[in-house]
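Let me put the structure up, and then I'll talk you through one chain and one of its contacts.

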Amino acid sequence: MKELIVLTFAVPLLMAFLLPTISRVSFTLSKLIAPLVLLALAIMVVCIWNFHTETFVLHIGNFIGPQGIVFYVDRLALLFAFAIFAMTLLMWPWYFEKDESSDTRTRKLSLTLLLVAASAGMSLSGDIFNLYVFYELLAVASYGLIAAGNKKPAGNSYAAAFRYLMISALGSVFALLGIALIYFQTGTLNLAHLSEMKELLNNPAGLIAFVFILLGFGVKAELFPVNSWVPEAYMASSKRVAGLLAGLVSKLAVLVIIKALVLIYPQDEARQLLLFLGIAGVIVGEFSAMKAQDMTRMLSWSSIAQLGLVFIAFSIPGKAGMLAGLAVALHHLISKPAMFLIAERWGGSLQNLKGRAQSSPIMAALLILFALSMVGIPPLPGFWVKFLLLSGLSAQQAWLAIAVVLIMTVVETNYLYRVISSLYSRDEQQSVTSRHRTADTFSALILAGVLIFVSVQVQTVGQALDEIAQDAVDVKSYIDLSLGGGS
Amino acid sequence: MIEWLLFVIVMIMLAGALMAMLMENLLAATVAASIVSLGLTVIFVFLRAPDVAMTEAAVGAGLSSLILALGLKRLGLWKLDVPSTAVKADAQEDGKS
Amino acid sequence: MHQFSSFLFLGGFLFFLSVLTGILPLGDPPMIIGQAIQNHGVSETGAANLVTAVVLGYRGIDTLGELSILFAAATAGGLVLATGKKKTQASADEDAGFIVKTAAELLFPLLVVAGLYIVIHGHLTPGGGFQGGVILAAAFFLPLLAKPSTTMNHNTMSLVEGFSGAAFIGIGLIGLFNHGAFLQPLLSKGVVGELFSAGTLPLLYLAVGLKVGAELAGLLANLNEEDDENV
Amino acid sequence: MFDIASILFAGATGLLVIGIGGMVLSEHLYRMLLALAIAEAGANLMLVLAGFKWSASAPIITVSVESIPAMVDPVPQAMVLTAIVIGVGVQALALTMIIRIRNAYGTLNMREVKLKMEQEFADMADLPIETRSVPARNDQS
């Protein structure tokens with residue numbers, strides 16, 4: 001049973017390869033088969049979660065030991081694997097326009113499946129070069145998805161995709177260089193094996209390698225200095241793709257950075273660097289979001305700020321940091337895609353939002369719900385997230401970070417309030433076309449349902465997260481399981 | 001002895017890389033960039049990496065140059081001795097029409 | 001400002017790397033997994049070429065990922081270049097000269113044979129699926145250069161591409177369902193150094209070669225098509 | 001001080017610096033692509049160097065299985081194989097985007113492309129002209 005976890009990336013890849021051929025036979029079949037495969041895999045992940053409560057390890061190709069590639073499957077990996085399938089299904093990016101050829105449609109479907117496969121691989125893999133390969137696959141698939149554009153590809157989608165590609169490719173060069181530097185010193189690539197030899201990397205060369213890896217994987221994680229692609233890419237792409245990239249893909253890149261941090265770089269220097277970059281990201285993100293004139297750009301910058309919070313949280317050592325970081329990341333994973341879906345409805349200038357609440361009361365109510373949660377109003381999960389973050393920081397006596405988080409919350413409240421108050425303002429302005437799709441409302445409602453469920457069941461969810469975080473920081477069992485013989 | 005040979009090859013590669021960055025004519029710059037790949041191929045042979053050398057020769061020097069050349073042709077930059085400013089003006093004319 | 005910060009960044013980068021020269025064990029790496037692979041690689045995979053043993057055996061998933069990246073790049077490239085309209089017949093280009101045409105006809109079988117040879121001997125000698133695949137792609141692209149009016153059969157290409165990729169994953173899945181590990185080497189190892197040895201590795205490399213060849217040929221053909229927007 | 005590995009390390013560093021420098025300083029889209037290829041070449045060379053060993057042979061068994069001589073590390077070579085192929089795929093994809101950008105905007109200058117892109121965004125969001133972050137300007141290069 002547990003070996004079947006490999007299917008989470010093998011089957012989407014297989015389908016992606018075969019889709020062009022299938023769609024020659026019947027396009028309807030290929031359109032149906034892709035979501036069905038994802039649904040089946042999501043169910044499979046849930047089954048594995050239920051039957052195998054213990055962490056296990058898979059040796060790909062049965063090569064025991066550090067020379068082969070190891071998949072380390074703990075609760076965290078399974079949680080992300082499930083999130084990948086569920087989110088992709090909810091945010092299923094393609095409503096086909098009438099004038100598209102079936103070739104174009106098939107290509108979009110294939111790219112989506114490749115994105116899913118790469119994400120699943122990234123959540124499971126325990127080998128740094130293998131992570132790099134999956135990361136590149138993720139990157140190439142997302143270039144394609146961005147270039148496919150909003151509604152119809154135009155100059156801006158190609159330009160945004162190209163600029164994204166250049167930054168991301170530069171990041172890949174850095175990541176490769178970082179891996180080369182690590183390999184220079186340790187002669188291994190397996191994360192568990194590296195973790196055993198982490199003393200070898202506790203020197204300037206090792207830290208430079210960490211900086212390079214941070215720069216490389218940070219591109220997709222919207223880390224501070226390498227995130228200039230974010231607003232333009234989200235503006236140019238379809239909002240469902242933007243939601244997927246902001247919600248899901250960025251978290252997977254974060255996951256890689258966290259794996260490196262927990263397993264290989266427990267030094268203070270590494271954590272402080274992450275804290276610094278996180279703070280910079282929060283400040284830049286929130287202020288730019290406040291200045292933004294249109295909704296998508298505002299959400300993009302706010303996404304950068306949220307990921308800054310994630311990095312601040314993960315810079316807290318030990319289980320507290322892992323718990324807070326996971327909570328912030330998962331909260332963002334749920335709320336940001338929903339906000340992008342809402343933005344699809346009202347996309348455009350913030351000025352034009354006046355009085356829109358009457359025409360679409362459900363979406364307005366949902367926006368308020370998510371905004372309140374993002375700011376951190378008590379019964380909603382956002383409050384507990386911020387609470388975990390702040391209590392973790394205060395245990396570290398990181399007063400500067402606490403001050404930044406609090407001040408930036410005020411800024412965040414300010415611009416979200418501006419949006420909502422203009423939504424409910426009286427002066428009517430009914431000239432703008434509304435792009436309504438039932439499916440958007442439906443997906444946003446499901447996400448809101450998850451949010452409300454979490455705030456009702458906060459005790460249970462908190463406990464589960466706590467266990468996951470406990471597993472995730474257990475370096476010793478990671479090493480023992482990965483390097484020990486057999487499975 | 002072999003050190004000097006490698007030194008010369010590295011120098012040629014670096015010169016090629018610089019030329020690729022600085023030359024006005026983009027066709028020439030592409031050729032200069034493929035010099036880097038060729039030099040790398042030789043170096044990989046010296047580093048006892050015949051597989052990598054073959055790949056670099058086939059992919060880096062061959063295929064990549066072919067792709068870039070096709071791209072140049074399609075971009076309308078396939079010009080033997082026109083400075084790039086004129087090319088840019090040309091490109092703009094094309095785009096407007 | 002941008003230039004200044006770029007130079008600062010580059011300077012810092014150069015400084016970092018030059019600091020490293022003193023620290024890194026240049027020319028004498030620790031070779032931990034490298035040594036293990038040298039000791040057991042032949043007995044575990046049966047390939048005489050250890051790089052092949054790593055590429056298809058120990059790190060087979062990387063190769064699968066790499067194939068998918070090429071596939072993703074070709075798919076995304078096709079998506080970007082697709083214009084919706086049917087391609088106008090590229091009649092503007094006249095045929096290439098006699099020499100090129102004859103050379104293309106002569107070279108085509110040679111290149112195909114050479115490409116397949118390199119692919120199939122990947123586990124014994126340097127070379128393998130990627131290098132051979134590039135040569136195959138060149139072979140199939142050459143007629144297009146010689147006679148611009150011919151078009152590549154994209155249907156066949158995507159069929160070959162899809163099924164060779166599926167074959168790679170299929171071999172992996174057979175390993176998963178019969179022996180419990182994805183991409184486990186199957187079949188007998190044979191005698192090291194002979195053509196029919198190393199179990200499934202040559203089959204995997206054949207799949208890689210065909211997929212790479214078909215994909216790159218499709219990509220080149222896509223790039224070679226005429227712009228219909230400028231006309 | 002003048003040994004093979006240091007020369008090649010310096011060469012790889014040089015390629016990386018030239019390539020990355022070209023990517024951040026150049027304004028021409030096509031030249032950025034060339035710079036990317038050069039930077040990748042530098043990273044690949046660095047990776048192969050990570051497995052290079054003095055007085056060792058290529059990792060291919062030619063004589064007999066019993067007496068394996070000292071070999072260079074095959075793992076980085078396999079990684080470079082992967083990286084080279086990934087690089088060329090990304091390069092081709094970037095080229096297709098450049099072709100489309102030129103068709104749409106008629107320029108290959110990064111700064112102009114960015115201006116035009118921002119302008120399109122402003123139009124899409126129907127922002128009033130005066131709040132646009134970029135001044136509308138006529139292109140004359």
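Predicted model: local features only at pLDDT ≥ 70, side-chain atom pairs only at ≥ 80, totals over all residues.

If you take the contacts in chain C with a separation of 6 or more, 72% of them join residues 24 or more positions apart. Chain C exposes about 9400 Å², with carbon and sulfur atoms supplying 68% of that.

Now the contact with chain A. We've got 58 residues from chain C and 59 residues from chain A taking part. Together the two chains bury about 4900 Å², and 79% of it is on carbon and sulfur atoms. Who gives up the most area on the chain C side? That's C:Ile33, C:Ile61 and C:Leu79, which together make up 13% of what that side buries.

What about polar links? The count is four residue pairs in polar contact between chain C and chain A. The rule also finds one salt bridge across this interface: the side chains of A:Asp127 and C:Arg59 meet at 2.5 Å, N to O.

Back to the helices, then. Those giving two or more residues to the side of chain C that touches chain A are α1 (2-23), α2 (32-45), α3 (50-58), α4 (60-81) and α7 (154-179) of chain C. The most comes from α4(C), with 15 residues. By type, that side of chain C splits into 37 nonpolar, 16 polar and five charged residues.

Technical notes: Residues numbered from 1 in each chain as written. Chains lettered and ligands numbered in written order. Heavy atoms only, no water. Contact = heavy atoms within 4.5 Å. Areas by Shrake-Rupley, 256 points an atom, 1.4 Å probe, with all protein chains shown as cover. Buried area = accessible area lost by both parts, 1.4 Å probe. Salt bridge = Lys/Arg side-chain N within 4 Å of Asp/Glu carboxyl O. Polar contact = N/O pair within 3.5 Å; in protein donor to acceptor, adjacent residues only side chain to side chain. Helix = DSSP H or I, 4+ residues; strand = E, 2+ residues; numbered from the N terminus. Nonpolar A, V, L, I, M, F, W, Y, C, P; charged D, E, K, R; others polar.
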